[in-house]
Amino acid sequence: RTSKARCVFLCHVFCITGKPGVCPNNNLLCSHDSECRNDDKCCSKGCGHQCMPPYKEKPGVCPSKNLGLGACAEMCSQDGECPNDEKCCSNGCGHQCMP
């Protein structure tokens, strides 16, 4: 199957066989940013889109990519996950917080 077909299949299965209960209203499904409250953006969640708060990119630039090969692990995915003024940067294989 294609990845899109697999996604549609998984969404259908989860909708049919999901756990009982209802999701809270703060997980609004959307198709455009204009449908989201406040500063939230309409972001892809794999199988559909959901209103989510945007992350803020910190000022500065990541170090040169000529650092060699770092740990092949995703230690961060956005600047907001890094302490102080550190940024989430590529280390040549994964991403990690760097000053």
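A salt bridge here is a side-chain nitrogen of Lys or Arg within 4 Å of a carboxyl oxygen of Asp or Glu. By that rule the count comes to three salt bridges. Keep in mind that this is a predicted model.

**Stop 1: the whole chain**

Show the cartoon. The protein has one helix and four strands. Starting at the N terminus, the order of elements is α-β-β-β-β. Now switch to a surface. Of the 99 residues, 16% count as buried. Among contacts between residues at least 6 apart in sequence, 21% join residues at least 24 apart.

**Stop 2: the cysteines**

Select every cysteine and show the side chains. How many disulfides does a search of the whole structure find? It finds six. Three of them get a visit here.

Start with C30 and C42. A disulfide joins them, at 2.2 Å from S to S. C30 lies in the loop between α1 (3-17) and β1 (41-44), while C42 is in strand β1, so the link ties together parts that are 12 residues apart in sequence. The torsion about the S-S bond is about 105°, so this disulfide is right-handed. Both C30 and C42 are buried.

Move to C76 and C88. Their sulfur atoms are 2.1 Å apart and form a disulfide. C76 sits in the loop between β2 (49-52) and β3 (87-90), and C88 in strand β3, so this pair also ties together parts that are 12 residues apart in sequence. The torsion about the S-S bond of C76 and C88 is 95°, and the link is right-handed. Both C76 and C88 are buried.

Next, pick C82 and C97. They form a disulfide with an S to S distance of 2.2 Å. C82 is in the loop between β2 and β3 and C97 is in strand β4 (residues 95-98), so the pair ties together parts that are 15 residues apart in sequence. With -85° about the S-S bond, the link of C82 and C97 is left-handed. C82 counts as buried, at 6% relative accessibility. C97 is partly exposed, at 23%.

Now click C43. A disulfide needs the sulfur atoms within 2.5 Å. C43 counts as partly exposed, at 24% relative accessibility.

**Stop 3: around C36**

Select C36, in the loop between α1 and β1. Is C36 buried or exposed? At 10% relative accessibility, C36 counts as buried. Leaving aside neighbours within four places in sequence, C36 is in contact with C30, K41, C42 and C51. Check the C-alpha atoms of C36 and C51: they are separated by 5.6 Å, with the two residues 15 apart along the chain.

From there, step to K41. K41 forms a salt bridge with D33, the closest N and O atoms being 2.7 Å apart. K41 is partly exposed, at 37% relative accessibility. D33 is also partly exposed, with a relative accessible area of 34%.

**Stop 4**

Select D79, in the loop between β2 and β3. D79 counts as buried, at 5% relative accessibility. Not counting residues up to four places away in sequence, D79 touches K56, E57, K58, E86, K87 and C88. A polar atom of the D79 side chain lies 2.9 Å from the backbone nitrogen of K58. The side chains of D79 and K87 meet in a salt bridge at 2.8 Å, N to O.

E57 forms a salt bridge with K87, the closest N and O atoms being 4.0 Å apart. This pair links distant parts of the chain: K87 is in strand β3 and E57 in the loop between β2 and β3, 30 residues apart. K87 is buried, with a relative accessible area of 6%. E57 counts as exposed, at 63%.

How values were computed
Residues are numbered from 1 along each chain as its sequence is written. This is a predicted model: local features need pLDDT of at least 70, side-chain atom pairs count only at pLDDT 80 or more; totals for chains, interfaces and linings use all residues. Side-chain values use heavy atoms; hydrogens and water are left out. Helices (H or I, at least four residues) and strands (E, at least two) are DSSP runs, numbered from the N terminus. Buried means under 20% relative accessible area, exposed over 50%, partly exposed in between (1.4 Å probe, protein chains only). Contact means heavy atoms within 4.5 Å. A polar contact is a pair of N or O atoms within 3.5 Å; within protein, one must be able to donate a hydrogen and the other to accept it, and residues adjacent in sequence count only if both atoms are side-chain atoms.
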